Amino acid sequence: MTTTVEPVCSSASKAASPSAFSGGTPPDPRLSFATYMRVRGPVLLRTARSLTANPSDAEDLLQTALTKTYVAWERIEDHRALDGYVRRALLNTRTSQWRKRKVDEFACDELPEPEVAPAPDAAEQQALRDAMWRAIVKLPDRQRAMVVLRYYEDLSEAQTAEVLGVSIGTVKSAVSRALGKLREDPELTPVR
């Protein structure tokens, strides 16, 4: 049983084969590359155009891929598969370009950076903390303990109830009353 091997690209194999040139001897590799490029160039350019949006970019892409092919021309053993080699070079080159793409910059009237809020005055923050502590100290002992555990120590209602040995409902009602007293404290009025 004999099998016939069909060339991958008949026009490429004819263009690169020794019989395509006069005399039947293999010519200078640069000449066979030039012939291949002349014969297959339009088809490969269509492939490059399918990979880019801009026709000029497609030409640059094909030129880069053909440069890579020329450098490897003598190492390519099967010249019937040249189209596949060049297409792979096109795709790899385009992928590399895509990965290295730069982000376009556009001029605009306003800066895109958000406005930075002025930092709060440290003296005002300390005055607020002092006023808050003075207001908390005015609370009854039990309410003060529950507010400190809930909001300064960041315990849950259940954890606060467990620490103080009371029910969760007692914590909820005592904290609610304490917050009501803090809202009415005259020292904290400017904060609201």
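Reader: What should I know before I start?

Author: The model is predicted, so local features need pLDDT of at least 70 and side-chain atom pairs count only at pLDDT 80 or more, while totals for chains, interfaces and linings use all residues. Residues are numbered from 1 along each chain as its sequence is written, and side-chain values use heavy atoms, with hydrogens and water left out.

Reader: How many helices and strands does the chain have?

Author: Helices (H or I, at least four residues) and strands (E, at least two) are DSSP runs, numbered from the N terminus. Here you get 8 helices and 0 strands.

Reader: Which residues make the nonpolar surface patch?

Author: Patch residues have over 30% relative accessible area and no salt bridge (a Lys or Arg side-chain nitrogen within 4 Å of an Asp or Glu carboxyl oxygen). Nonpolar side chains (Val, Leu, Ile, Met, Phe, Trp, Tyr) are joined within 5 Å, like charges within 9 Å. Areas come from the Shrake-Rupley method with a 1.4 Å probe, and for residues only the protein chains shown count as cover. In this chain, W133, V137, Y151 and Y152 make a patch of about 430 Å². The elements giving two or more residues to that patch are α5 (122-137) and α6 (141-152).

Reader: Is Y151 buried, exposed or partly exposed, and which helix is it in?

Author: Buried means under 20% relative accessible area, exposed over 50%, and partly exposed in between. Y151 sits in helix α6 and is partly exposed, because its relative accessible area is 44%.

Reader: At what angle do the axes of α6 and α7 cross?

Author: Axes are lines fitted to C-alpha atoms, for helices over the stretch in contact, and angles run from 0 to 180 degrees between N-to-C directions. The axes of α6 and α7 (residues 157-164) come within 9 Å and cross at roughly 135 degrees. That makes α6 oblique to α7, since under 35 degrees counts as roughly parallel, over 145 as roughly antiparallel, 65 to 115 as roughly perpendicular and the rest as oblique.

Terms used. Buried means under 20% relative accessible area, exposed over 50%, partly exposed in between (1.4 Å probe, protein chains only).
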